[in-house]
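Please look over the following chain with its overall fold and its charged side chains in mind.

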Amino acid sequence: MTTKNQALAAWVHEVAALTRPQNIVWCDGSDDEYDRMVNLMLEEGTLSPLNSQTHPNCYLHLSDPQDVARVEHLTFICSENAEEAGDNNNWLAPEQAKEKMAGLYDGCMQGRTMYVVPYCMGPIASPYSRCGVELTDSPYVVINMKLMTRMGSAALERIERGDSFVKGLHSVGELDPERRFIMHFPEELSIMSYGSGYGGNALLGKKCHALRIASWQARQEGWLAEHMLILGLESPTGETHYIAAAFPSACGKTNLAMLIPPEKYKDWKIWTLGDDIAWLHLDDEGQLRAINPEACYFGVVPGTNAKTNRNAYDMIQQNTIFTNVGKTDDNQPWWEDKKVGEPSVDWKGNPYSVESGPAAHPNSRFTVSATENKAYSSLAEAPEGVPISAIVFGGRRKELAPLVYEAKSWEHGVLIGAGVASETTAAATGEVGVVRRDPMAMKPFCGYNFADYWSHWLSFAERTDKLPKIFHVNWFRQNDEGEFLWPGFGENLRVLQWIIQRCDGEVSANETAIGYLPNEDSIDVSDLNIDPAVWRSLVSINDDQWRQEMSEFGDYLNSFGGKLPKKLRDKHQEISSALA
Ligand code: OXD
Ligand code: MN
């Protein structure tokens, strides 16, 4: 197979001349091709079969131990102008970046196969979807992209019908952390990645395309590319509200998107549309609609069990690629908090011992088709997407942020999103557990200057009066002993219920300087065994802590200088004064 698209053919030719692969394979995205690739990897030893009785069609990939997470310090936005990228990104001039990458790519695929992977982010028939082509020397990337995207012939046909496409070039190189870069050229719609096989660095359709490049395109074209799950909340009357929620990596988006209601709420139902990325467009009526550009879940494995996330636990019993988990002695995948079985081999392939660390890497992952999830919404395939009633921001904060609060206006909601801060997790290399600013959970993913990004968000209020309400949640408050104050998981449904009641104007709230908080009796927690004083603290604010927070947040906003939108500065000032 090749292509009728001249630009694509020429680019493949040009890359092959530089990287000099032994052969070139055009991927058609068929199941046969997937099976062939799996067999090839089994022969090469880069994939191993798991117990086929308990886990049919499941495989384990162990990565290089130095290549287990996103590398934010090696990720660059190479716009013509540094200011466009903003201080929130690393920047390199495009020519300089290309020269650096050309040196790395020179002959890097000798003796290897280069796979041409056409893909579509979003349903093939959706006008909101966007195409790309990834050239890669990694069979692991090919099988993951097959699950993650609409990959192969159908995507190529879209490109051949004239769709523009993002050009992504990827080579695992020597997997040397010293020779590893992830470069984005938003003006040229292209990505160059070298030296890593890890998901966010190597599966270019996901973070590189669907967030960094797409956020840039979205700004130009008037839509939003966000780090958000999308869920449908069906009430006992059969009415479904759709919610999009942005939390930083490894802060529970997958769990919320697949939530199973507690016994008391058994007549409610959560439908999953997506667990990581949402593309949001205004339709002709001014309604914000969301599609999920992905077709799989690339989720964090540790902590997944029959109690925390039954849907995810069940869906990864078959047809799943595991990366960097441990194994039991009968060859089942094993991870911390799985709650069943014992590890005998760790994620480095060594015999397991408590002293040598966890059996599964804290950022070990499953890749599984979205259709394996019992709660998968059929509307996830709808070309027009789903109407969004509420946008929810959140982070992992031991203190400060209450369980839930609501913005008083769209502008206020944008300020709340810009103020998201969260403790870092193992999803990126670096220290874990330090609070950092992560506006809209997009710190690692916004492909341009945050100040411009906030202006873009604000501009939506000028285009429609039907915008969703904006909320902030925090499931992670702790007491001095480090115990969580809120049970989380399925019980989060109680908070979602309050959110949609607020959207429908069905419940009053407690107006505070930072926004509307639930009245103590608006969320029923009578059966949750929460101390009344603890409950009160979850639905109230500590003015001293908030004054401190607003002052630090103000310094952060000021670091964006004259580019900071005035509306945001004014809103920040208004809330600070109300707290003073
Ligand atoms: C992810 C991430 O893999 O955010 O989704 O790191
Ligand atoms: Mn993510």
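Buried means under 20% relative accessible area, exposed over 50%, and partly exposed in between (1.4 Å probe, protein chains only). By that rule, 61% of the 580 residues of the chain count as buried. This is a predicted model, in which local features need pLDDT of at least 70 and side-chain atom pairs count only at pLDDT 80 or more, while totals for chains, interfaces and linings use all residues. Residues are numbered from 1 along each chain as its sequence is written, and side-chain values use heavy atoms, with hydrogens and water left out.

**Overall fold**
- The chain holds 16 helices and 29 strands, which are DSSP runs (helices H or I, at least four residues; strands E, at least two) numbered from the N terminus.
- Taken along the principal axes, the C-alpha atoms fill a box of roughly 65 × 55 × 45 Å.

**Salt bridges**
- With a salt bridge defined as a side-chain nitrogen of Lys or Arg within 4 Å of a carboxyl oxygen of Asp or Glu, the count comes to 38.
- Lys 264 and Asp 524 meet in one of them (2.5 Å, N to O); because Lys 264 lies in the loop between helix H9 and strand S15, and Asp 524 in the loop between strand S29 and helix H14, the pair ties together parts that are 260 residues apart in sequence.
- Lys 264 is partly exposed, with a relative accessible area of 42%, and Asp 524 is partly exposed at 32%.
- The side chains of Arg 437 and Glu 549 also form a salt bridge (3.2 Å, N to O), and both residues are buried.
- Lys 206, Lys 207, Lys 253, Asp 276 and Glu 294 are linked in a network of salt bridges.

Definitions and conventions. Chains lettered and ligands numbered in written order.
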